[in-house]
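Have the 3D view ready and follow along.

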Amino acid sequence: MSSDYEISDDENEYYEYDEEDEEMIDVEDGSASEIEVDGLGGDFKVPARSEHKIYEVEYSSLSQPEVERIMQADVDHISSIFGVEPSMAAILLRHMSWNKEKLIEKYMDNASAVAVAAGVELPPREPTPPPAKASSSRQLTTGPQRTARRSPSDIKGPKGKRATPPVEDPTPFVCPICFDDSQTAFLALLCDHKFCTTCWKEYIISKVRTEAECMITCMAEGCNIAAPDPFVDKALGDDRETWSRYQELLVRQFVSCVPHLKFCPYPSCTYTVSCPAAATKSSLTQIVPTVACGASNTHVFCFGCTIDTDHRPVVCAVARMWIKKCQDDSETANWIKSNTKECSKCQSTIEKNGGCNHMTCKKCKYEFCWVCMGPWSEHGTSWYSCNRYDEKASVEARDAQTRSRASLERYLHYYNRWANHEQSAKLSMELYAKTEKKMEEMQITSELTWIQVQFMKKAVDVVFRCRMTLKWTYAMAYYLASGNEKELFEDNQRDLERAVEELSELIEAPIDPETIMTLRQKVTDKTVYVQKRNEIMLEDTAKGYLEGRWRWNTTVDGFD
């Protein structure tokens, strides 16, 4: 790890100088001001590297059709093994949370039980007991009893005519849900509970659109027979919008069951990210799995937790602790510090609501002096003044008060800087509009082209990313145990913060037509330097996780 800026001597690191003649200049041989942007406005063009950086993770982005193909492959696999229809295999997989190995094991052990639990087979009927034999004196006779056989011609009606078979009731079937006797089309699952198609359609639409449920079961009370996909498709008819939503819910259910898949949390985005490196809980103690879905480069989130932003360099467990602490403490910490004190006996927080210095804790009834925090019994009748500063009890009480305030001040030190960088990052995004105006002004007042003034936009992008890094370094520093490693961490943090502030000043500096070229060179040089400092910060932190170098001042989930 190094806290000083060093320009790489790698011959493969180069930047594009001129788009037309494609002259490539090494960083050592040319000033950073010679760095140009490419024709697509992609800023500093660096050759692609096959290996990812130590603080990055390998992942792939999957569209919804690609995930559906993976699901179909699993369905076909189970269908071929069990010899069942694909629709039935799909329901079995959903029942077992898409765990193929567990499903195969359970199904081979007791196929009927698994099928009944999944809702693809009717439960076995309980055997009815045989009717009890009537006791009669005639049954006591010995020998078998034979009854006379009667021919069909012997069966007569009441007037001696032959009886006719019973006639079926001509009353039409009425849906037990809507009781609409005009309905003529009905659907039923294998349980044979019939309902009209209109009720089936409305029921499925309610489940899918309102409840976001993809497991559709029979509408009959107490029946858990599952509706296969072809049945749902037929019931929905021409409602393709609900069918598309149903397909999306099936994909979401599949993604939620597979550890190495995660759905993009951005609204209306249907992409999925696959990151096997972050599939286990233990792996999240060594990496910060920041990923982006294929829909947009701005859809950046953490694969390992619910934080929808890039929280490098701090790991997920520490980031969650910090967020929870901020939500619990930050809003009231400043007010508590300014207006309250802790009881010297039970450490309850007390607010003074009168002018008298004689305080009585409502919790433990301890009486003490508000000024010196010592016991009131030593103060006699001095109600409004305190001269007992040298008493041992008062000194101990003030020491406890000092420790408590020091802990609060330590938290506020890190929180205020964390919140400041978050606010500054938001303001940096607002600089884009101002930067575009500056870029237009540069074009007018100088000979620079639109491509050549893109260095300002690149600088704003770098400032935003680095402020997000700095924001989370303060969360990490709050939980780091004191020692040499923390001091080195804070040295890197200081160097990055100083460089970011210097670049921010250059971005917001007024434009002088006579010094535009000088400003361009300074901004470009400082942008490269800030990027390097940010990489040093992230790389050193990532190495520390892999080497087990970081020690925490509290218990962190996943760490010893």
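Helix H7 (residues 240-257) lies across S6 and S7, running at about 135 degrees to S6. Contact here means heavy atoms within 4.5 Å. Helices (H or I, at least four residues) and strands (E, at least two) are DSSP runs, numbered from the N terminus. Axes are lines fitted to C-alpha atoms, for helices over the stretch in contact, and angles run from 0 to 180 degrees between N-to-C directions.

This is a predicted model, where local features need pLDDT of at least 70, side-chain atom pairs count only at pLDDT 80 or more, and totals for chains, interfaces and linings use all residues. Residues are numbered from 1 along each chain as its sequence is written, and side-chain values use heavy atoms, leaving out hydrogens and water.

What order do the 3 strands of the open sheet take? It's S3-S7-S6, with antiparallel pairing (two strands pair if DSSP finds at least two bridges between them). The edge strands, S3 (60-62) and S6 (261-263), each pair on one side only.

S3 is joined to S7 (residues 272-274) by 3 bridges, and Ser61 stands opposite Val273 in S7. Helix H1 (residues 64-82) lies across S3 and S7, at about 90 degrees to S3.

## Two helices side by side

Now look at H10 (residues 455-479) and H12 (residues 516-547): they pack at an angle of about 30 degrees, with axes 10 Å apart. That makes H10 roughly parallel to H12, because angles under 35 degrees count as roughly parallel.

Methods:
Parallel < 35°, antiparallel > 145°, perpendicular 65-115°, else oblique.
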